[in-house]
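Please have a look at the model below, and then come through my notes with me, point by point.

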Amino acid sequence: MPPHGVKPRVTVGGPLYDDRVTIDEARQRHAELSVQLTEHRRRYYLDDAPTVSDGEFDALMRELLAIEAGHPELVSQDSPSQQVGGYPAATFAEVVHRRPLLSLDNAFSREEFLRWAERASGLAGLDIGASGLLCEVKIDGLALDLVYEDGRLVTAATRGDGAVGEDVTANVRTIASIPHQLRGEVPTLVEVRGEVFMPADAFALLNDGLVAAGKSPFANPRNSAAGSLRQKDPRVTASRKLAFLCHGLGEVSGGDPIRRQSEGYDLMSQWGLPVSAHSQVVDSVEGAWSYIQRFADARHSLEHDIDGVVVKVDDRALQERLGRTSRAPRWAIAYKYPPEEVTTVLLDIRVNVGRTGRVTPYAVMEPVLVAGSTVEMATLHNASEVVRKGVMIGDTVILRKAGDVIPEVLGPVVEMRDGSQRHFVMPTHCPNCGTRLRPEKEADADIRCPNQRSCPAQLRERLFHLASRAALDIETLGWQAADALLSAGLLVDEGDLFDLDADKLSSSSFFTTRSGSLSANGRKLLDNLELAKTRPFAKFLVALSIRHIGKGIAPEVAAAFGSIDALQAATYDDLSAVPGIGPTLAASIVEWFEVDWHRAIVAKWRAAGASMADEAHGERGAIPQTLTGVSVVVTGSLPGFTREGAAAAITDRGGKVASSVSARTDFVVVGEAPGSKYARAVQLQRPILDADGFDALLHQGPEAARAVARRE
């Protein structure tokens with residue numbers, strides 16, 4: 001822990017420094033941070049085995065910079081704030097870069113970004129935004145310097161310390177996207193800068209192979225790219241499927257002058273070098289900020305990991321005027337997104353039993369702040385995934401929480417093991433009901449508890465599911481209420497749900513006041529249950545937990561059959577004849593109705609007054625099926641529609657609501673504050689509809705919508 005006077009309080013804008021500390025306290029903390037940062041740099045750049053996340057490293061560096069700002073006398077050439085990257089590894093020959101391969105200064109907030117722009121504009125004596133700013137995504141990979149002479153690749157080197165890197169030419173020649181010979185008219189000498197990375201698919205295949213060979217998997221694609229590039233045998237590097245994208249130029253001689261950075265990218269593309277499709281020149285600082293915001297939403301839809309955006313002055317002459325500090329150019333800034341990867345300790349691995357009986361391991365960790373929220377649990381999917389990730393109980397692990405995605409353990413920090421870690425052993429019996437676990441089919445990776453009807457865990461999960469918005473939307477039936485109903489013995493299964501009344505709820509203290517009368521929550525639950533009986537048939541289909549029926553396909557099934565009685569009477573062939581119902585779903589529906597207690601649930605709900613039929617839609621007759629076969633993605637909020645309402649308007653007309661944008665998406669409806677799906681639609685050039693276009697789609701059909709759709 002730091003001395004009491006130096007208090008790094010990590011916020012969006014970075015650590016705050018208390019300038020009331022004494023010089024001795026500041027010097028002590030500065031020395032501690034210098035040792036830590038130097039060691040972390042060595043592990044990151046040379047060993048490819050970091051023991052802290054990028055976000056944690058950035059926080060330590062920002063604390064160091066804050067101390068140095070308060071005490072400039074502590075700054076020296078040896079300070080980590082004055083260093084670039086790592087140091088050349090002893091296993092590769094040294095290569096002196098023709099121009100220094102510098103690091104970038106970072107901004108973590110809009111205010112810091114604007115301060116950089118204001119400072120650069122002041123030094124330049126003009127508005128750098130108006131001069132043109134080149135914006136590009138910041139690839140989370142390994143920096144590489146390529147030198148071509150007369151168009152031929154002669155050396156490839158890592159960043160190293162910025163002045164001297166490691167010679168990895170033999171390995172780089174195995175990377176398919178890096179040409180050995182440039183095409184067309186090229187300068188006599190050109191020094192190309194870029195980033196080596198490992199695409200997601202290649203990363204997954206590599207880790208699968210390492211686990212199968214009994215080796216520790218890589219924790220993330222950046223580590224795997226760095227480790228793959230430093231292999232002593234180029235054949236190993238060749239097998240790793242690395243990729244490369246250019247992001248700059250060093251020394252260029254013997255050709256026409258390159259006046260703008262963006263012009264250099266165009267030339268590199270003509271020479272056969274790979275450049276990013278996501279770079280863009282804007283004419284204002286606000287335009288650059290809009291770019292930063294756009295890719296904050298789209299960062300997970302790209303072909304490679306990114307941890308931010310780089311903004312550069314596009315004019316190369318102006319770059320020279322602005323110059324650089326000892327470690328970074330003044331004409332560029334890296335805007336870093338909030339860290340989504342952190343390290344923490346895996347305290348235990350436990351299992352959860354889901355509503356279908358699937359038994360899923362999950363990680364219990366020391367609580368840690370990541371992506372704006374405190375996380376202490378994360379899914380591990382199944383026993384095979386635990387083995388594939390190579391994690392052990394007691395490990396320091398890397399945790400990722402990408403936006404709103406469920407937290408995921410990426411892998412262990414193997415270097416932090418001290419021998420106390422132990423392997424996870426999957427239980428053989430259900431921890432909730434004691435039933436012996438088994439795979440549903442012989443080759444299944446998942447194991448399940450076969451006690452579907454009365455396993456308390458499965459029943460609690462099913463109750464919580466049927467109360468969700470996608471199903472019957474019973475607001476007061478949450479985890480605690482479901483537990484209370486089961487603990488009081490008020491439900492044998494979900495079939496008893498609509499038989500609850502005031503007398504029954506009064507037997508549970510959860511639903512009563514201290515005086516013994518029914519509480520407000522109890523009365524509200526009964527009111528909500530009455531309202532739930534009137535939900536559309538599709539909602540009941542989701543509520544019944546029929547395997548493979550979710551909110552996406554339920555409206556199509558409901559529209560095809562109109563009532564629970566018609567669906568129960570349907571044969572496999574009847575079901576398979578409906579567009580959108582494949583053989584797996586058809587078999588699942590038939591099998592569900594073959595179980596006697598499933599049919600009993602339907603009978604009990606019907607007897608309690610639940611309709612489970614759509615009179616208006618009957619046999620697909622009332623609403624014209626103008627969107628049959630049309631796939632639509634909705635992102636952002638639309639005036640006059642909830643998210644569920646917009647989806648229902650599409651499915652009521654026979655359309656399909658897709659959760660992600662692909663080349664097969666027919667339309668992307670974009671409302672206010674759209675997410676990453678909008679960026680993906682732009683990338684794939686799919687037809688985009690605004691609110692008026694959505695109205696045309698619903699009421700005039702696909703052809704009318706295509707006439708007003710735009711492609712961006």
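1. Let me begin close to the end of the chain. Ala705 sits in helix α26, which covers residues 702-708. Please keep in mind that this is a predicted model.

2. Is Ala705 buried or exposed? With a relative accessibility of 0%, Ala705 is buried, because the cut-off for that class is under 20%. Leaving aside residues up to four places away in sequence, Ala705 is in contact with Phe667, Leu689, Gly693 and Leu697.

3. Helix α13 (residues 456-466) and helix α14 (residues 479-487) have axes that come within 9 Å and cross at roughly 130 degrees. This angle makes α13 oblique to α14, because it falls between the perpendicular range of 65 to 115 degrees and the antiparallel range of over 145. The crossing of the two helices is right-handed.

4. Which residues make the contact between α13 and α14? From α13 come Pro456, Leu459, Arg460, Glu461, Leu463 and Phe464, while α14 supplies Trp479, Ala482, Asp483 and Leu486. Sorted by class, the contact of α13 with α14 holds seven nonpolar residues and three charged ones, with no polar residues.

5. Searching the whole structure gives ten aromatic pairs. One of them joins Phe510 and Phe511 in an edge-to-face arrangement, with 5.0 Å from centre to centre and 80 degrees between the planes.

6. Elsewhere in the list of ring pairs, which residues are linked into a cluster? They are Phe113, Trp116, Trp289, Tyr335 and Tyr337. I would show this group in the figure with its side chains drawn.

7. Finally, the overall picture. The protein contains 26 helices and 21 strands, and its C-alpha trace spans about 85 × 60 × 50 Å along the principal axes. Of its 712 residues, 51% count as buried. Considering contacts between residues at least 6 apart in sequence, 67% join residues at least 24 apart.

Notes. Residues are numbered from 1 along each chain as its sequence is written. This is a predicted model: local features need pLDDT of at least 70, side-chain atom pairs count only at pLDDT 80 or more; totals for chains, interfaces and linings use all residues. Side-chain values use heavy atoms; hydrogens and water are left out. Axes are lines fitted to C-alpha atoms, for helices over the stretch in contact, and angles run from 0 to 180 degrees between N-to-C directions. Helices (H or I, at least four residues) and strands (E, at least two) are DSSP runs, numbered from the N terminus. Angles under 35 degrees count as roughly parallel, over 145 as roughly antiparallel, 65 to 115 as roughly perpendicular and the rest as oblique. A crossing is left-handed if the near helix is turned anticlockwise from the far one by less than a right angle, and right-handed if clockwise. Contact means heavy atoms within 4.5 Å. Ala, Val, Leu, Ile, Met, Phe, Trp, Tyr, Cys and Pro count as nonpolar, Asp, Glu, Lys and Arg as charged, and the others, Gly among them, as polar. Rings of Phe, Tyr and Trp (its six-membered ring) pair if their centres lie within 6.5 Å; planes under 30 degrees apart count as stacked, over 60 as edge-to-face and the rest as tilted. Buried means under 20% relative accessible area, exposed over 50%, partly exposed in between (1.4 Å probe, protein chains only).
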